[in-house]
Amino acid sequence: MNEDSRQSAGAPAARSPGATKKGIETRARIIRGAIEAVESEGMESLTTRKIAARAGVQLATLHYYFDSKESLMLAVLEDLVTDMSTRYTSSVNSADMDDRIAQLIRLIWRYIGENPNREISQIELTIYALRTKGSEWLAAKQYNTYIDFYSQFVFRDSDIPEPERTRIANAVTRFMLIGIDGLILQNFALGDAAVASESVEALIFTTQAYLKKLIAQSAA
């Protein structure tokens, strides 16, 4: 793996760190180094040398665990979702579907506010993947990962059978993420907390309405 990203027709596989505690810890340290690099300096700073330096490992060690920049970025994405998982699972807990939508969107927005550099880096990762030939799959993987993650919190209605329940949850999540992405850019550009808060509540209302519409159509 050199300083430039290798082109790949599909998702690359990271090398297994093995079952040793040291191997697992080293891999995790490399992932943290990549997150710190992109959050502080952007995608242009994401070279293997800088990541290795931040992680405190030799360049050859990084190459052993990750054979391309894309495989490392995939591991970063998985780590970020894992970081969010416990918090979301314990916080989105209402049985009422309107309340669950409100809890979910407000929690997402609070998480964004607590990690602004992380959100900018996520946008940069998407643009990087779309601009880099052979890495387009990474942008799709990024969105599909978040759709799969958030859709589990949208609603719990046992009266709607699978796979219809999954279809509705995914559709609502895609709609919700369209709004969240727009809110992120608007908030960073305008820096107006009042406008952001108003926009979040508008997104909650429209997402609740969209979910009800899809459920009604499914029952018709």
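Begin by selecting Ile-30, Met-73, Tyr-88 and Tyr-150, which have the most contacts inside the largest nonpolar core, a group of 65 residues. A nonpolar core here is a set of buried Ala, Val, Leu, Ile, Met, Phe, Trp, Tyr and Cys residues joined through side-chain atoms within 4.5 Å, where buried means under 20% relative accessible area, with a 1.4 Å probe and protein chains only. This is a predicted model, in which local features need pLDDT of at least 70 and side-chain atom pairs count only at pLDDT 80 or more, while totals for chains, interfaces and linings use all residues. Residues are numbered from 1 along each chain as its sequence is written, and side-chain values use heavy atoms, with hydrogens and water left out.

Now centre the view on Met-73 and, leaving aside its neighbours within four places in sequence, look for its contacts with Ala-34, Met-43, Leu-46, Leu-125 and Leu-138, contact meaning heavy atoms within 4.5 Å.

Then move to Ile-180, which is found in helix α8. Is this residue, Ile-180, buried or exposed? Ile-180 is buried, because its relative accessible area is 3%. Leaving aside neighbours within four places in sequence, Ile-180 is in contact with Ile-105, Ile-108, Trp-109, Ile-112 and Leu-203. If you also select Ala-202, you will find that Ile-180 and Ala-202 are 22 residues apart in sequence and 11 Å apart in space, C-alpha to C-alpha.

Finish at the largest pocket by selecting Glu-119, Gln-122, Tyr-146, Asp-181 and Ile-184, which are the closest to its centre of the 21 residues that line it. Which helix supplies the largest share of the lining of the largest pocket? That share, 6 residues, comes from α6, while α4, α5 (97–114), α6 (116–131), α7 (136–151) and α8 (164–190) each supply at least two residues of this lining.

Notes:
Buried < 20%, exposed > 50% of the residue type's maximum accessible area, 1.4 Å probe, protein only. 1 Å grid on protein atoms, 1.4 Å probe; cavity = no way out; pocket = protein on both sides within 12 Å on 5 of 7 lines; lining within 4 Å. Helix = DSSP H or I, 4+ residues; strand = E, 2+ residues; numbered from the N terminus.
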